[in-house]
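I opened my notebook to look up how this chain folds. My entries follow in the order I made them.

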Amino acid sequence: AELKGISIKTKMTFTFLLAIAVVVTAIFGYYAYSMAKRLTALSEERNRFYTVSQASRALDAMLTDDIRVLKGIVADIKASSPDVEYSFFRLEDGTVIADTFGGKLPDKLKTVGLKVAEEVKDISLSNRTLTNFTYPIAIYGTLNIGFKKLSLLGAVREDIGKILLIYLLALSFGLVLSMFISNRIVSPLKPLMKGITAVGEG
């Protein structure tokens, strides 16, 4: 009877643990998805702010057509972060006056930044998806910066250590809780099982 009681307790523990694991997995799946969406939104906002700040920096050089300064700015932008793939300036007539391509702008970028207005669009370049931020420099032209696009999966990878740690702690708590619940259910049955065994043995 004791062995049977232990067997029931073990089965109940695993049943409760499985139920808790399913609930915890569902909650953390939603949490990871929500966090990834927040991180991608923050990344886009940070990239936009950086583009605006660099456009402000370039205003004086655009006013004076100082190509040397503008070339220095695009080089600085490219070197500022591994997430920056390119940058270039266009005048209001569409002429590219400084870029990080050595004067050879890819075909997919030839229509980017023609309109002197703020614009954000995804571009496929060299088999990679980039997000191009276009920002107007007064009425004189545009600054265009291409950033690596942060995917939802990429955002999750950035915080995967923290997510796994919390997930494992939640599962550990679930194991303790399931053992506690199954013990509370099975313990009162042990005297009853002993009584039934005694009656059966006469």
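Leaving aside its neighbours within four places in sequence, which residues is Leu70 in contact with? I took contact to mean heavy atoms within 4.5 Å. I found Ala58, Ala61, Met62, Phe89, Ile97 and Ala98.

**Ground rules**

I noted that this is a predicted model: local features need pLDDT of at least 70, side-chain atom pairs count only at pLDDT 80 or more, and totals for chains, interfaces and linings use all residues. Residues are numbered from 1 along each chain as its sequence is written, and side-chain values use heavy atoms, with hydrogens and water left out.

I took helices (H or I, at least four residues) and strands (E, at least two) as DSSP runs, numbered from the N terminus.

**Entry: the cores**

I looked up the largest nonpolar core. A nonpolar core is a set of buried Ala, Val, Leu, Ile, Met, Phe, Trp, Tyr and Cys residues joined through side-chain atoms within 4.5 Å. Buried means under 20% relative accessible area, exposed over 50%, and partly exposed in between (1.4 Å probe, protein chains only). The largest core has 18 residues. Met62, Leu70, Phe89, Ile137 and Leu143 touch the most other members. H1, H2, S1, S2, S4 and S5 each supply at least two residues of this core. Apart from it lies another core, of 8 residues, and Tyr86, Leu105, Val112 and Leu125 are among them.

**Entry: helix H2**

I checked the length of H2, residues 67–80. The expected span is 1.5 Å times one less than the number of residues. For the 14 residues of H2 that should be 20 Å, and the end C-alpha atoms are 20 Å apart, which agrees.

Which residues of H2 are buried? I listed Leu70, Ile73, Val74 and Ile77. They cover an arc of only 95° around the axis, so they sit on the same side of H2. The arc is that of the directions from the helix axis to the C-beta atoms. On the other side of H2, I found Arg68 and Ala79 exposed.

**Entry: the sheet**

I traced an open sheet of 5 strands in the order S2-S1-S5-S4-S3, with antiparallel pairing. Two strands pair if DSSP finds at least two bridges between them. The edge strands are S2 (96–99) and S3, and each pairs on one side only. Neighbouring strands are turned by 25° against each other on average, direction ignored. Axes are lines fitted to C-alpha atoms, for helices over the stretch in contact, and angles run from 0 to 180 degrees between N-to-C directions. H2 packs on this sheet and touches S1, S2 and S5. The direction of H2 makes about 155° with that of S1.

Next I went through the pairs. S1 (residues 84–91) and S5 are joined by 7 bridges. Phe89 has Leu143 as its bridge partner in S5. S4 and S5 (residues 141–148) share 8 bridges. Here Phe133 stands opposite Ile145 in S5. S3 (residues 119–125) and S4 (residues 128–137) are joined by 7 bridges. Glu119 has Thr134 as its bridge partner in S4.

Is Thr51 buried or exposed? Thr51 counts as buried, because its relative accessibility is 1%. Leaving aside its neighbours within four places in sequence, Thr51 is in contact with Phe133, Tyr135, Leu143, Ile145 and Phe147. Thr51 has its place in helix H1.

Leu18 also lies in H1 (residues 2–63). At 57% relative accessibility, Leu18 counts as exposed.
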